[in-house]
Amino acid sequence: MFLRLRRLLALYLDCIIIFSISYFPMYYIYTLFENMFMNIVTSIIAIILMVNLFLRKDCLIGYNSIGKKIVKLKIYQNDKMVNDKKLLIDRILYTVKSPIYSLFSLLLNNKTEGDIKCNTEIKSFRKK
C-alpha cells in the first residue's frame, strides 16, 4: 500500500511541476497583451505545452519523471530498468486513455493500464 501512495504522490508532484512550468510563463505573457487574439494564442500554447510535458514526463530527465526521482521510484520491464523512451510514452498514453480504470487498477493491484499493456512495473529503490 505504501508503494501505491508513493506512486500517487509522484504523479501529484509531476502534475504540479508541469502545471507550473506551462502556466506561469504563459500567464505573464497573457497579462502583457490586451488583445483577445494573443490571449487565445497564449492559452493554446500553454495547453499544448502542458500536454506534451505530461506525455513525456518520464523522458525529460533520464528515464524517470521528477516526481518519481523525488519519491525514489523506478520503472522496470522484465526486471531491467526501462531505457526506451517510446515505451515510456506509450505507457503514459495507455494510462491516459482510461484514467478511471487505471486509478482503480493502481489502487487494487499497483498497476495502471499502461503498466499492464507495456508489461512494466514501478519498484522502489533506496540507497543504504
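Residues are numbered from 1 along each chain as its sequence is written, and side-chain values use heavy atoms, with hydrogens and water left out. Because the model is predicted, local features need pLDDT of at least 70 and side-chain atom pairs count only at pLDDT 80 or more, while totals for chains, interfaces and linings use all residues.

Residues are called buried under 20% relative accessible area, exposed over 50%, and partly exposed in between, with a 1.4 Å probe and protein chains only. Helix α5 spans residues 99-109, and its buried residues are S102, S105 and L106. Viewed down the axis of α5, these residues fall within an arc of 105° and so line one face of the helix; the arc is that of the directions from the helix axis to the C-beta atoms. In general, an α-helix has 3.6 residues a turn, so residues three or four places apart point the same way. On the face of α5 turned away from the buried side, the exposed residues are I100, F104 and L108. The cover over the buried residues of α5 includes α1 (2-32), α4 (85-97) and α6 (113-118). Just after α5, a positive phi of about 60° is found at N110.

A nonpolar core is a set of buried Ala, Val, Leu, Ile, Met, Phe, Trp, Tyr and Cys residues joined through side-chain atoms within 4.5 Å. The largest such core has 10 residues, namely A10, C59, V71, L73, I75, V82, L87, L88, C118 and I122. At least two residues of this core come from each of β1 (73-77) and α4. Contact means heavy atoms within 4.5 Å. Leaving aside residues up to four places away in sequence, I122 touches L3, R7, K68, L73, K74, I75, R91, N110 and D115.

Two strands pair if DSSP finds at least two bridges between them. The sheet is open, has 3 strands in the order β2-β1-β3, and is paired in the antiparallel sense. Its edge strands, each pairing on one side only, are β2 (80-81) and β3 (121-124). Between β1 and β3 the antiparallel pairing runs over 4 bridges, and I75 stands opposite I122 in β3.

A salt bridge is a side-chain nitrogen of Lys or Arg within 4 Å of a carboxyl oxygen of Asp or Glu. The whole structure holds 9 salt bridges. In one of these, the side chains of D115 and R7 meet with an N to O distance of 2.8 Å. D115 lies in helix α6 and R7 in helix α1, so the pair ties together parts 108 residues apart in sequence. D115 is buried at a relative accessible area of 1%, and R7 is buried at 9%. D115 also forms a salt bridge with R91, the closest N and O atoms being 2.7 Å apart. This pair links R91 in helix α4 to D115 in helix α6, 24 residues apart, and both residues are buried.

A further salt bridge joins the side chains of E121 and K123 at 3.8 Å, N to O. E121 is partly exposed at 29% relative accessibility, as is K123 at 28%. Through salt bridges that share partners, R7, D58, K68, R91 and D115 form one network.
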